[in-house]
Amino acid sequence: MRAFLTRIARGALKRDIEKENLPLLEELIREQIVKESDDGRVVLDSKYRAGTLDLLPSGTAFLELIGARGKDLLIPPEHLHGAKNGDYVIVRRLFGKAGRPSAKVIKIVQPAFIYGIGYIKRTESGLEPMHIKTDLPMELASDTSGLVEHTVFQVDNRTSKILQILGNLDDPTIDEKISLAIFNKQERFSDEAEREAKAWGDEVDAALYPDRADLRHLPFCTIDPVDAKDFDDAIYWDVKNHTLYVAIADVSHYVTPDCAIDKEAKRRGFSIYFPHKSIPMLPRTLSENICSLKPRVDRLAYVCRLELDPESLEVKSHRFFEAIINSKRRYNYDEIDDYLQNGFAGAPEEDRETLAFIFPLKSVTDRLREKRLKKGYDFRSTEVRMTLDDNQNLVTTRLEESTPSHALIEDCMLLANKAAAEHFDIGIFRVHEPPTPERIEKLVDELGKIGIYAETPAEDFHALVLELQKEARTKGVEPYVDQLLIQTQKQAAYSHENVGHFGLGFERYTHFTSPIRRYSDLTLHRLLKAIFSHDEKRREYILRNIEPLCIKISELEREATRVEWDFMARKYARWADAHRDETLHAVVVETAQIPAATTDRKILGMRIFCDKSDLLLFDRIEAKVNIVHLAQAKIFVLVEKATHLLEDHGSE
């Protein structure tokens, strides 16, 4: 909705409005909120503004403007007209009053949460429908008298009607349905999209593509997680000519703008990854087959060729072009890490050709990384990986940390992404703004209270980070401090205008390397192809719609992440409910009204809420499960022992 409101606030061609928003647009035109000109442009009337509501406890609200510059508008309680916090609204500005510009809500365009999830709970009054997140009663327009206890359902908040029954809360397999339904995500693709995908077949006939560069003789290889099924990128390092080839699945060849697959991909925005399965952005016929750079088969690729200076490692020249490749080997990270550590004396013959360039490439990427970190940041990156049993219950967890093989691939991809960003001034950038001085100061104060000090002034944030990380390392809490440092910064996003990437230390950056799982990268491929082929009509069309698209995919990225987090939280809650007698070991990571801690032994990364209010940041605790809310996916514990960071460190 933010993308649509941006369009009408700035002015757009009516034909560019997405089909799903046309009924709303026609309604706004009839109500004379939006004006339509003879040349087919639609724009919000100057008396109105669009935005989202930030509702204060006092009942007063501010309108965060969308598509317009200026101060947020004040909306008194009597002018909210039923609008709630986070709702997308259109307001009419009020004139003639002194003080801050004010307005009144004219139309609630979309509630903050379109879809809700409810379940049937047994209360003193009998079986009642409750919100799954808040555990508060729901008022429904649908009859629930025939639903049994713990039945879970999805609701349209605009009509208060039940849309679908998801199953029963006691069944672990319902967790993925709940997590997806909260954001109305679908696993199934339309029949039309599936037909389009299957029409491409399973094989690439090189004879059909005489204009593509034939790179099948080069020993490309892919390096991915052990359970990966979609291979976006392959690499080859020409040692003699100091040239890196980054080959990316040429998704834009198969997915044309506005085809059925494209419409599905744009709606999804990103692939979603659960521990036991993925919800792909593209039909699996494409993402895991004809697009995927699988080993020993011909595949279409969009290649970035980068020639590096042997001494400075600056990119002397680069070029983007369409090609055909035949990846010689599919490695996983563990295999490459083993080779890098132990050498490849015992490697099979089929690996010799690819490994011959992996080792010299690793030396290059190590130097690139060292150079990059003089401006950028190295935050300890760990992700919790879950293992589920056949019933989708949590069995074990492990930390997946960045290893030498991860770093090798990462720096290759960064080079290609940087190179792609050089070819446009308005387009699709991956941006990351620096943290505000206020947030930096708050972090330094918070860490100082528990004995982690820094003498570096806040103005030199890079040096400050290095000092805090060094202090945290000596006290054994580096990963937790890194998380706080990340939280201090603004969230990375997509933007049509470049503001640089603070975290990486890059002046220009974009996403080029994952078009199978990110719509941003697919769009970038289309833009680059339009630029290099001098197709001004296609380029103009892409750029005409690029700002609302960047807004939309930034929102979709956050949604995909929240779906994944919600699913993991549900698995943790089920595990805690089944292991109430076990002692949990955790580290306090938040000291709000109800302190929160994260488990760091056996089951890792589980967020628990503590009954003691006097806990300090990074206290190490031992606790027992007290209350588990399966519906809300929350775990409350009784703290039996707490050791402060400095005491714990001093006893070692």
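Predicted model: local features only at pLDDT ≥ 70, side-chain atom pairs only at ≥ 80, totals over all residues.
Residues are numbered from 1 along each chain as its sequence is written. Local features need pLDDT of at least 70, side-chain atom pairs pLDDT 80 or more, while totals for chains, interfaces and linings use all residues, and side-chain values use heavy atoms, without hydrogens or water.

Reader: How many disulfides does the count come to?
Author: A disulfide is a pair of cysteine sulfur atoms within 2.5 Å. For Cys221, the nearest cysteine sulfur belongs to Cys412, 9.3 Å away. The count of disulfides is zero.

Reader: Is Cys221 buried or exposed?
Author: Buried means under 20% relative accessible area, exposed over 50%, partly exposed in between (1.4 Å probe, protein chains only). Cys221 has a relative accessible area of 1%, so Cys221 is buried.

Reader: Which residue in S30 is the bridge partner of His629?
Author: Strands are DSSP runs of E, at least two residues, numbered from the N terminus. Two strands pair if DSSP finds at least two bridges between them. Nine bridges join S29 to the antiparallel strand S30 (residues 634–643). The partner of His629 is Lys634.

Reader: At what angle do H3 and H16 pack?
Author: Helices are DSSP runs of H or I, at least four residues. Axes are lines fitted to C-alpha atoms over the stretch in contact (heavy atoms within 4.5 Å), and angles run from 0 to 180 degrees between N-to-C directions. The axes of H3 (residues 174–182) and H16 (residues 546–578) lie 9 Å apart. The angle is about 145°.
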